[in-house]
Amino acid sequence: MTSTATRGNSSPPTSAESTAPRRRSGRTWFPYLILLPAVILELLIHIVPMVTGFWMSFVELTKFFIRRWTEAPFVGLDNYRIAVDLETPIGQELLSSFLVTVAFTALVVGLSWGLGMAAAVALQRPFRGRGVFRTMFLVPYALPLYAAVITWNFMLQRDTGVINHLLVEQLGILDEAPFWLIGDNAFLSVVVVAIWRMWPFAFLMFMAGLQSIPDELYEASAMDGASPLRQWRAVTLPMLAPVNQTMLLVMFLWVFNDFNTPYILFGTAQPPAGDLISFHIYNASFLSWDFGVGSAMSVLLLLFLLAVSLVYLYATQWRKGRSHA
Amino acid sequence: MRETLGEKIFRVVVLAGLSAFVLLPLYVMVTTSLKPLGDVQAGFSWFPSRVTIAPYIEMWSTVPLARYFMNSLVVTSVATLFSVAVAIFAAYAVSRWRFRGRTPFMTAVLSTQMFPGVLFLLPLYLIFVNIDAAFGVPLVGTRIGLIITYLTFSLPFSVWMLAGYFDGIPKELDQAGKVDGAGNLTILLRIILPAARPGIVAVAIYAFMTAWGEVLFASVLTTEETRTLAVGLRQYATQTNVYWNQILAASIAVSIPVVVGFLMMQKNFVAGLTAGAVK
């Protein structure tokens with residue numbers, strides 16, 4: 001994401017200098033003026049609430065103080081101590097939720113990447129019916145999330161769902177119909193549902209990226225006798241690197257923060273195996289009505305995501321810098 | 001270039017496997033919505049033994065679906081309209097001026113994507129309650145609160161994508177407009193917007209899809225009167241019964257506008273992504 005934010009700096013300086021309308025109107029108040037609505041909205045909905053969230057994590061904001069929140073006593077780092085205290089269930093459950101989310105994110109991002117790439121490459125060359133596949137593969141992404149997850153919830157029902165019908169009655173892989181939405185199977189369920197939703201996004205991005213690769217590159221490498229696999233590694237993958245870099249980070253953040261999928265799939269049941277961290281924090285805040293501890297957990301989550309993002313951006317930029325040298 | 005056998009096998013396997021994966025839920029959704037509830041509860045069957053359109057009629061009376069639909073439509077349309085307008089102005093500024101604070105603005109806007117929704121859900125609720133108390137603007141439980149919230153959700157992506165699109169429009173066109181004495185706003189309206197129509201359509205669809213499918217904030221910021229589809233569909237599951245055929249019928253009904261819109265405009269969407277992301 002930061003790579004796009006700095007895009008202006010990387011554009012050729014000559015065009016920026018020669019066409020900057022700054023010299024025309026003296027002081028450039030105009031861009032600030034038209035930027036104002038976006039800035040105000042971002043402040044109101046994102047920045048101010050986030051700062052408030054930080055403040056909330058340092059006060060005792062229990063049910064007692066929720067109506068008189070200005071009087072809530074400052075408790076320093078107590079909320080953070082409660083959140084990470086592994087001696088108590090609160091800390092243990094947070095840790096287990098975090099680990100579940102790490103595994104969930106690795107699987108969903110990794111497999112979505114693979115499926116999206118496979119589909120984009122399989123549809124790279126024109127053939128009859130290509131448009132049909134392209135359109136069909138985008139349907140899960142276009143479908144409203146709740147419609148998709150509700151359907152999966154029905155499919156995963158123990159007695160009336162298609163999954164058990166297939167696995168137990170038709171294929172005979174399992175002897176007894178398992179529960180998919182409670183117990184340990186819940187993890188597998190939420191992973192599959194999230195992948196179903198997420199992989200078309202990777203497909204879409206790769207498809208857009210592939211369009212900008214000139215055919216000559218493939219022709220040249222084919223002339224050198226490169227196999228399709230070799231071409232993919234030598235031409236496709238490097239040319240998709242800019243798309244890849246942004247997309248992996250965006251997918252990581254979306255998937256790690258995923259609240260909607262477990263919320264609609266499990267409702268209030270929240271099985272520990274499907275207890276993704278956003279869902280966990282939401283439940284922890286609203287069940288205990290302790291928004292101070294809930295906010296502390298959110299801040300910890302944000303710091304973790306921030307750290308991963310920075311390391312990721314640093315690593316990818318560094319590699320880019322080296323390959324240029 | 002000729003296709004090798006290996007490539008052909010790869011293509012067939014990938015396309016067949018992914019088609020099955022994608023189509024299974026869609027097939028279940030459609031067939032179940034056409035079955036009587038008794039047949040649905042009796043266990044899954046691939047082919048409906050009795051086909052009925054009753055779920056599509058009953059779904060309107062089991063829950064106030066029409067009201068949820070209207071709420072969703074109003075909230076989503078208004079949020080989309082404003083979101084696109086705000087994004088156009090911001091993208092114009094970012095694309096055509098190298099002003100101080102430009103990079104910090106883009107970084108800040110894009111990094112909001114990183115925030116976990118739960119982190120600002122509670123504070124936002126608190127802020128809305130206080131704005132109501134201080135200025136008498138009711139933001140909790142009303143459509144306005146949800147509209148304002150939603151229109152920021154798609155903003156980062158929209159600004160980023162549109163800025164990329166605007167960058168692709170030659171600045172010589174602006175210069176030509178200026179020679180003719182056109183002001184900044186005229187240039188935006190007469191030159192940039194017509195040239196960027198595909199990008200704007202793509203951004204509008206993205207904003208619409210984002211708001212139409214949002215669940216978390218809708219579940220906290222709405223009351224029974226202002227409830228949107230995302231939350232309202234839950235009402236088909238009552239204490240005693242789950243009307244699966246009606247839920248799935250309603251899911252199809254509420255999906256059609258966005259799915260059709262998106263699929264019709266997918267070329268614009270890909271073009272917008274190519275302009276914004278691939279560079």
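Hi everyone. A quick definition to begin: two residues are in contact here if their C-beta atoms, placed from the backbone, lie within 7 Å. Keep in mind that this is a predicted model.

Let's start inside chain A.

Now for one helix pair. How do α7(A) and α10(A) pack? Helix α7, residues 130–142 of chain A, meets helix α10, residues 185–210 of chain A, at an angle of about 125 degrees, and their axes are 7 Å apart. On the α7(A) side, the residues are Phe137(A), Leu138(A), Pro140(A) and Tyr141(A); they meet Trp196(A), Arg197(A), Pro200(A), Phe201(A), Phe203(A) and Leu204(A) in α10(A). By class, that contact has nine nonpolar residues, no polar ones and one charged.

On to the interface between the chains. Here 87 residues of chain B are in contact with 94 residues of chain A. Helix α1 of chain B, residues 5–33, gives the most to chain B's side, with 15 residues. That side has 58 nonpolar, 21 polar and eight charged residues.

Last, chain B itself. An unreviewed UniProt entry lists several stretches of chain B as "transmembrane region", among them 68–93 and 147–166. In the model, residues 68–93 of chain B are 100% helix, with end C-alpha atoms 37 Å apart. Residues 147–166 of chain B are 95% helix, and there the end C-alpha atoms are 26 Å apart. Thanks, all!

Key. Residues are numbered from 1 along each chain as its sequence is written. Chains are lettered from A and ligands numbered from 1 in the order in which they are written. This is a predicted model: local features need pLDDT of at least 70, side-chain atom pairs count only at pLDDT 80 or more; totals for chains, interfaces and linings use all residues. UniProt positions are given in the numbering used here, feature names are shortened, and annotations may be inferred rather than shown by experiment. Helices (H or I, at least four residues) and strands (E, at least two) are DSSP runs, numbered from the N terminus. Ala, Val, Leu, Ile, Met, Phe, Trp, Tyr, Cys and Pro count as nonpolar, Asp, Glu, Lys and Arg as charged, and the others, Gly among them, as polar. Axes are lines fitted to C-alpha atoms, for helices over the stretch in contact, and angles run from 0 to 180 degrees between N-to-C directions.
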